[in-house]
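Hello,

Here is the structure for you to look over. My notes on what turned up follow below it.

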Amino acid sequence: MKKHTKILLSILSILLLLSACTEPEEFDNVLIGSWKYIDYQTDDWEKIIFQEDLDYRLENYSASTAGIVAITGTYAYTDTTYTFERRHYPDIVFKYVVSGDNLYVYLGKTYIRQ
């Protein structure tokens, strides 16, 4: 009986070790591409370009100054959040949902795939 218990414990230990070594779950990156939000009251717009290599470009256009400000950097994502990683400042995390060609960000903005 002791021999069977030792074998069973050995097998369970190996299974636990193997399950601990599995990689974290990966999610399809549905963010890849270009997304644009337009404020129709002010004609301001914002465009986010998510690249496959986890770089992003954020362009903000102000109609009142007719100027564009662009920010680039890297991002991380899960199935519910994306994070703009910033070198000398805290990262910014956004909750999102993608449905069809719409990117709904929990700031009240809806971006359309371009």
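Asn29 is buried, with a relative accessible area of 16% (buried means under 20%, exposed over 50%, partly exposed in between, with a 1.4 Å probe and protein chains only). This is a predicted model, where local features need pLDDT of at least 70, side-chain atom pairs count only at pLDDT 80 or more, and totals for chains, interfaces and linings use all residues. Residues are numbered from 1 along each chain as its sequence is written, and side-chain values use heavy atoms, with hydrogens and water left out.

Back to Asn29. It sits in the loop between α1 (2-20) and β1 (33-39). Helices (H or I, at least four residues) and strands (E, at least two) are DSSP runs, numbered from the N terminus. The side chain of Asn29 makes a polar contact of 2.9 Å with the side chain of Tyr75. A polar atom of the Asn29 side chain also lies 3.1 Å from the backbone nitrogen of Leu31. A polar contact is a pair of N or O atoms within 3.5 Å; within protein, one must be able to donate a hydrogen and the other to accept it, and residues adjacent in sequence count only if both atoms are side-chain atoms. Leaving aside residues up to four places away in sequence, Asn29 touches Leu54, Tyr75 and Tyr77 (contact means heavy atoms within 4.5 Å).

Next, the salt bridges. How many does a search of the whole structure find? It finds 3, each being a side-chain nitrogen of Lys or Arg within 4 Å of a carboxyl oxygen of Asp or Glu.

- Lys109 pairs with Glu46, with the closest N and O atoms 3.2 Å apart. The pair links distant parts of the chain: Lys109 is in strand β8 and Glu46 in strand β2 (residues 44-50), 63 residues apart. Lys109 is partly exposed at 22%; Glu46 is buried at 13%.
- Arg57 meets Glu59 at 2.7 Å, N to O. Arg57 is partly exposed at 32%, while Glu59 is buried at 13%.
- Asp101 bridges to Arg113, with the closest N and O atoms 3.7 Å apart. Asp101 lies in the loop between β6 (92-99) and β7 and Arg113 in strand β8, so the pair ties together parts 12 residues apart in sequence. Asp101 is partly exposed at 48%, and so is Arg113 at 29%.

Last, Tyr106. This residue is exposed, with a relative accessible area of 59%. Its place is the loop between β7 (102-105) and β8 (109-113).

Best wishes
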